[in-house]
Amino acid sequence: MDQIEIELPSNVAFTTTSAIHDFIKSSPLQKLVNWGRKNSLWFMTHPMGCCGIEQICVGVAHYDTDRFGIMPRASPRQADVMMISGYVTKKYLPALKRVWDQMVEPKWIMMMGECAISGGPWWESYSTVINMDEIFPVDIYIPGCPPRPEALLDGFIELQKKIEAQQDRTVVPNPADIGV
Amino acid sequence: MTHTTTQITSPPKPSEILLHLGPQHPLQPGPFLLDLKIEGETIREAELKIGYIHKGMEKVFEDRTYIQILPLTDRICYLASNSNNDVYCRGMEELLGIEPTDRAKYLRVLTNELCRIQSHLLGIGEYTTDVGFLTMFIYMVREREGIVSLLEAITGSRLNHNYARFGGVAHDLPPGYKEMALKTLGELKKLVKSHDEMLSSDSVYLKRTKGVGVLTASQAKELGVAGPPLRATGVEYDLRRVEPYLVYDDLDFDVITQTDGDVFSRVKVRLLEILESIYIIEQVLDQMPTGPYKQNVMPYITRPAPGEVYSRIEDPRGEMGMYIISDGSDKPYRFRIRGPAFATAQALPPLLVGTYVADVAAIAASMDSCTSEVDR
Amino acid sequence: MVDENADNEMVDGTRDIIEPPKIDRTIMVALSETFKDGVFDVDVPLPNRAVARIDPGRVKPIMQFLLDNGFDHLSCISGVDHPPDKMEVVYHVTSYSGPLVIALKASIPRDDPKIDSLCDIYWNANWYERETYELFGIIFNDCPYLKVLLLPEDMEGEWPLRKDYAGYPNPT
């Protein structure tokens with residue numbers, strides 16, 4: 001396809017994504033963005049095992065994560081945090097990857113419980129996928145079998161700290177996008 | 001229903017579409033894939049695909065010593081962990097030729113019934129979310145926390161209790177337990193009665209659940225289900241009564257049945273079973289004998305004589321069985337888990353055929369299947 | 001005691017049962033009399049448990065006989081591997097009316113493990129047979145849908161619960 005050349009008037013300021021990121025990084029705006037992100041961590045209800053029960057318990061009544069802005073969501077497209085809350089099998093891994101891909105950026109992933117982290121009691125089984133950290137970019141590990149709701153809350157608070165310290169990456173622009 | 005198959009036999013015609021529910025779907029307690037072939041709003045064929053969290057437990061258990069298996073039996077179904085411990089220990093006690101102490105029998109009944117209560121509470125809670133009654137879900141989880149605390153006071157753990165031992169239990173009751181338990185259970189009794197009233201009087205709820213997903217007694221028997229879905233059809237089949245184990249024959253309780261066999265009845269059975277379990281626990285706390293709570297000698301390496309045993313008990317979901325073959329070594333030769341949720345899940349596709357898409361969530365959740373145990 | 005239970009528990013109103021069949025150990029006598037060369041090694045180790053070996057070729061008539069005599073609940077089908085030459089299929093049959101559980105064992109050759117399917121007799125045999133097939137490689141003749149149930153499809157043919165399975169412990 002022939003490239004269409006557009007002549008830009010000389011008096012128009014031309015902003016790129018990269019420039020926006022650079023500006024955000026160098027200004028207090030990054031803090032505002034991080035503040036917003038860390039206080040609206042919506043996690044995907046995705047119970048996969050024993051840990052799923054604690055995940056349910058932590059979302060409602062009693063342990064009520066709503067007070068931190070952490071709410072359960074049903075759809076991956078609305079969620080910010082995916083919790084792998086159980087044992088991942090060879091059969092389930094493709095579906096899990098797809099669910100992860102359906103989530104929009106920015107997104108975080110938490111490993112809840114021993115089964116997700118290392119295979120747990122079933123680490124030698126023929127059906128297990130271990131080394132999950134090589135497949136997913138894991139942010140937080142919450143050990144336990146299953147972890148108590150307090151441990152899960154602690155995991156969320158650690159994730160909030162991590163987000164608070166986060167700097168958005170500079171996206172190297174594709175030359176074709178900006179007409180160079 | 002006799003000849004209904006469990007799978008989708010042909011590709012959809014132009015007037016039909018294939019709807020996948022899962023593997024990640026909010027209505028599910030765990031990952032499974034429910035394929036529905038629908039025409040308009042009516043389900044023509046259904047197929048349940050399981051195995052997404054198949055752990056290969058039976059193979060792992062063959063490579064573990066008998067005592068190492070004990071904590072792993074919790075993880076078969078985490079909501080019925082005490083029942084699973086108990087069925088395993090009862091099997092092993094038969095193989096080893098030992099008998100639990102009297103106090104241990106009562107303690108096991110106590111924890112089994114507490115476990116049944118919390119399992120039913122969460123089961124009803126998940127089900128009410130699926131029929132769009134989120135308030136009840138929050139109530140149910142709130143009430144469950146009280147029972148979980150009672151279990152935690154005995155066993156030290158919220159979920160996977162690992163309480164029963166060969167010939168006894170792990171710990172005795174903490175001091176002042178009876179008063180604490182009676183207080184919590186008294187409150188729970190009132191709350192469950194009021195929830196029952198709320199569910200029975202809500203006209204929208206009744207319209208969604210009465211006459212939906214009907215299973216007759218003969219169909220239920222043919223499909224091989226047990227537990228609350230069977231008792232909701234009017235069959236008085238409860239292993240606590242049919243094959244009394246521990247001290248159930250000394251206790252007074254009714255086998256809860258309903259007659260309609262629909263979604264409403266299945267949930268009603270669970271609600272009433274909670275009240276019945278509270279009644280059992282009150283008797284257990286009154287009649288609890290003093291004495292040792294476990295056998296004195298508890299070897300770490302157990303080598304039962306060659307033989308085999310099939311032990312089964314009434315799980316919150318139905319008939320839980322374990323078939324253990326010993327070859328005289330310290331590890332089982334074969335360990336078969338017969339889960340109640342497996343049988344219930346198998347009965348789901350024929351039950352869905354002919355119903356509406358909107359009722360799928362209600363019917364599937366009212367069967368209260370536990371994916372972890374289906375897949376094992 | 002067993003008989004009393006059988007009478008009390010038969011409250012199913014939807015079927016017309018004139019005389020409830022007896023769910024007790026007498027069934028084992030009847031079974032071995034009816035199938036003289038098909039049922040052997042009958043044993044009753046516990047009051048509520050009975051064990052017998054059966055001829056794998058006659059599993060269907062035996063199960064039909066049990067179903068007709070009130071054993072209407074197939075509890076479980078398990079495979080057991082006995083290398084080097086044998087495999088066993090164990091059927092646990094019980095009843096909704098009584099506590100007796102009958103374990104019937106059928107020995108089949110390990111290099112050609114085939115046995116008749118029970119799906120026509122007990123509807124719920126379907127999943128148990130599929131599970132036993134994928135874990136042990138035992139082929140159930142005439143099973144309507146003998147495909148993998150729990151394992152991923154590419155693991156069909158590995159038969160993980162056989163004793164000589166090489167994939168356990170998982171090398172990764």
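How many residues of chain C are in contact with chain B, and how many of chain B with chain C? In this predicted model, 34 residues of chain C are in contact with 34 residues of chain B. Two residues are in contact if their C-beta atoms, placed from the backbone, lie within 7 Å. Four elements of chain C each supply at least two residues of the side that touches chain B: α1 (2-9), β3 (73-82), β5 (98-109) and α4 (125-136). Helices (H or I, at least four residues) and strands (E, at least two) are DSSP runs, numbered from the N terminus. β3(C) gives the most to this side, with six residues. By class, the side of chain C that touches chain B holds 18 nonpolar, eleven polar and five charged residues. Ala, Val, Leu, Ile, Met, Phe, Trp, Tyr, Cys and Pro count as nonpolar; Asp, Glu, Lys and Arg count as charged; the others, Gly among them, count as polar.

Residues are numbered from 1 along each chain as its sequence is written, chains are lettered from A and ligands numbered from 1 in the order in which they are written. Local features need pLDDT of at least 70 and side-chain atom pairs count only at pLDDT 80 or more, while totals for chains, interfaces and linings use all residues.

Chain A contains six helices and five strands. Their order along the sequence is α-α-β-α-β-β-α-β-α-β-α. Among contacts in chain A with a separation of 6 or more, 82% link residues 24 or more positions apart.

Within chain A, the axes of helix α3 (residues 50-59) and helix α6 (residues 149-164) come within 9 Å and cross at roughly 70°. Axes are lines fitted to C-alpha atoms, for helices over the stretch in contact, and angles run from 0 to 180 degrees between N-to-C directions. α3(A) is therefore roughly perpendicular to α6(A) (65 to 115 degrees; under 35 is roughly parallel, over 145 roughly antiparallel, the rest oblique). Glu54(A), Cys57(A) and Val58(A) in α3(A) meet Pro149(A), Leu152(A) and Leu153(A) in α6(A). This contact has five nonpolar, no polar and one charged residues.

In chain B, Thr155(B) lies in helix α5 (residues 134-155). Thr155(B) is buried because 23 other C-beta atoms lie within 10 Å. Beyond its neighbours within four places in sequence, Thr155(B) is in contact with Thr111(B), His161(B), Tyr163(B) and His171(B). His171(B) is 16 residues from Thr155(B) along the chain, and their C-alpha atoms are separated by 6.9 Å.

Methods:
A residue is buried if 20 or more other C-beta atoms lie within 10 Å of its own, exposed if 12 or fewer, and partly exposed in between; C-beta atoms are placed from the backbone.
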